[in-house]
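Open the model in your viewer and keep the selection tool at hand. The stops below go from the whole chain to single residues.

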Amino acid sequence: MLKAVVADTDGIYQSIRLLVDTGATYTVLPVGFLREMGYDVAKPDRRVKISAANGVMEVPLMRVDRFSCLGQNVSDFSVVALDLPPSAVISGLLGMDFLARHHALIDTGKAEIIIPDRSHD
């Protein structure tokens, strides 16, 4: 589990707990959280199909103004608006969209996620 912060539509940041999910194509944030942040979940950029435990579902894909996690800040970051089951101890998922974008290295032995310094590439 890790912490991320998301800017609301007024630029004020709120934190949220996410689970790293290498099986998730997209980063997932709860519908209620996005609404509280001032985002209009009813008017997403587009809808995407995802596979979940209960089959394929079509969900909203929308942009948040700013998203920060693992020391990386992203503007206009697309997230899926989806509520996880109430029994989940986390609020959302950090997906491969974020991890691949930042070339994250996952060291399972040390339980660490490393974001390499790519400023010299």
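What percentage of the 121 residues in the protein chain do buried residues make up? Buried residues make up 35% of them, where buried means under 20% relative accessible area, exposed over 50% and partly exposed in between (1.4 Å probe, protein chains only). This is a predicted model, in which local features need pLDDT of at least 70 and side-chain atom pairs count only at pLDDT 80 or more, while totals for chains, interfaces and linings use all residues. Residues are numbered from 1 along each chain as its sequence is written, and side-chain values use heavy atoms, with hydrogens and water left out.

**Whole chain**

Show the chain as a cartoon. The protein chain has two helices and nine strands; these are DSSP runs numbered from the N terminus, helices being H or I with at least four residues and strands E with at least two. From the N terminus on, the order is β-β-β-α-β-β-β-β-α-β-β. The radius of gyration, taken over C-alpha atoms, is 14 Å, close to the 14 Å that the globule rule (2.2 Å times the number of residues to the power 0.38) gives for 121 residues, so the chain is as compact as a globular protein of that length. Along the principal axes, the C-alpha atoms fill a box of roughly 40 × 35 × 25 Å.

**Strands E4 and E5**

Select residues 46-52, strand E4, and residues 55-69, strand E5. These strands run antiparallel and are joined by seven bridges; two strands pair if DSSP finds at least two bridges between them. A hairpin of two residues connects E4 to E5. Now pick Arg46, whose bridge partner in E5 is Leu61.

**Two salt bridges**

Show side chains next. The structure holds two salt bridges, each a side-chain nitrogen of Lys or Arg within 4 Å of a carboxyl oxygen of Asp or Glu. Select Asp45 and Arg63, whose closest N and O atoms are 3.5 Å apart. This pair links distant parts of the chain, 18 residues apart: Asp45 is in the loop between helix H1 (31-36) and E4, and Arg63 is in strand E5.

Then select Arg47 and Glu58, which meet in a salt bridge at 3.4 Å, N to O. Here Arg47 in strand E4 and Glu58 in strand E5 are eleven residues apart. Arg47 is partly exposed at 44% relative accessibility, and Glu58 is partly exposed with a relative accessible area of 44%.

**The largest pocket**

Select Ile50, Ser51, Ala52, Leu82 and Leu93, which lie nearest the centre of the largest pocket among its 18 lining residues. The lining divides into eleven nonpolar, four polar and three charged residues. E4 gives the largest share of this lining, four residues.

**Phe33**

Go to helix H1 and select Phe33. Is Phe33 buried or exposed? Phe33 is buried, with a relative accessible area of 13%.

**Two loop residues**

Most residues other than glycine have a negative phi. Select Leu70, in the loop between E5 and strand E6 (72-81). Phi of Leu70 is near 55 degrees, a positive value, and Leu70 is partly exposed at 29% relative accessible area. Finish at His103, in the loop between helix H2 (96-101) and strand E8 (105-107). Phi of His103 is near 55 degrees, and His103 is partly exposed, with a relative accessible area of 38%.

Technical notes:
1 Å grid on protein atoms, 1.4 Å probe; cavity = no way out; pocket = protein on both sides within 12 Å on 5 of 7 lines; lining within 4 Å. Nonpolar A, V, L, I, M, F, W, Y, C, P; charged D, E, K, R; others polar.
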